[in-house]
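Me: I'd like to learn how to read a few features off a model. Could you walk me through them?

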Amino acid sequence: MSIDLIKSLYYEVLSYFVPEKTKYRIEGVCNKCGNCCREIRCIGLKNQKELKIMQFFFPLYRNFYITGSDEKGNLILCCKNLDENSLCTIYKKRPLFCRRYPLKTLNFYPELINGCSYKVIKKDFKDYL
């Protein structure tokens with residue numbers, strides 16, 4: 001098991017319990033292009049074996065298959081539940097992960113997929129006053 005995989009497991013578990021400090025906001029409305037469901041970047045997952053481990057511990061990962069990897073070697077996944085129009089075939093029963101996407105507040109700068117209609121807003125000191 002690689003260090004990156006162990007970190008991914010650790011951070012995945014922490015994400016359910018650790019409160020986030022808000023530094024960035026995401027605003028906008030979904031344009032239903034489906035790009036976010038076809039290009040899911042998994043930081044720390046580098047190969048099929050590591051994805052299988054995540055699928056064992058977190059069954060949500062069974063909804064995705066590998067389409068490639070990014071310039072850093074992280075896996076790029078695609079959702080199995082998209083139809084030919086890039087719409088979700090299980091929309092009313094989609095996982096919580098999908099229902100919450102995109103998180104409206106983040107403590108890191110997110111890289112949005114090309115064509116996404118959302119915008120990232122950095123909060124400055126005045127926002128906290």
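This is a predicted model: local features need pLDDT of at least 70, side-chain atom pairs count only at pLDDT 80 or more; totals for chains, interfaces and linings use all residues.

Me: Which residues of α1 are buried?

Reply: An α-helix has 3.6 residues a turn, so residues three or four places apart point the same way. In α1 the buried ones (under 20% relative accessible area, with exposed over 50% and partly exposed in between; 1.4 Å probe, protein chains only) are L5, S8, L9 and E12. They sit on the same side of α1 because they cover an arc of only 95° around the axis, taken from the directions from the helix axis to the C-beta atoms. Those buried residues pack against α3 (48-57), while the face turned away from them carries the exposed I3 and Y11. Helices here are DSSP runs (H or I, at least four residues), as are strands (E, at least two), numbered from the N terminus.

Me: How many salt bridges does the structure hold?

Reply: Side chains of opposite charge can pair when their charged atoms come close. The cut-off is a side-chain nitrogen of Lys or Arg within 4 Å of a carboxyl oxygen of Asp or Glu, and the structure holds 2 such bridges. One joins E27 to R25, with the closest N and O atoms 3.1 Å apart; E27 is partly exposed at 34%, and R25 is too, at 25%. In the other, E39 meets R41 at 3.3 Å, N to O. E39 has 31% relative accessibility and R41 has 41%, so each counts as partly exposed.

Me: Which residues make the nonpolar surface patch?

Reply: Patches use residues with over 30% relative accessible area and no salt bridge, joining like charges within 9 Å and nonpolar side chains (Val, Leu, Ile, Met, Phe, Trp, Tyr) within 5 Å. Here V13, Y16 and F17 make one of about 360 Å², with areas from the Shrake-Rupley method, a 1.4 Å probe and, for residues, only the protein chains shown as cover. F17 lies in the loop between α1 (3-14) and β1 (24-27) and is exposed at 65%.

Me: What does S69 touch?

Reply: Contact means heavy atoms within 4.5 Å. Leaving out residues up to four places away in sequence, S69 touches N74, L75 and I76. S69 belongs to strand β3 (residues 64-69).

Methods. Residues are numbered from 1 along each chain as its sequence is written. Side-chain values use heavy atoms; hydrogens and water are left out.
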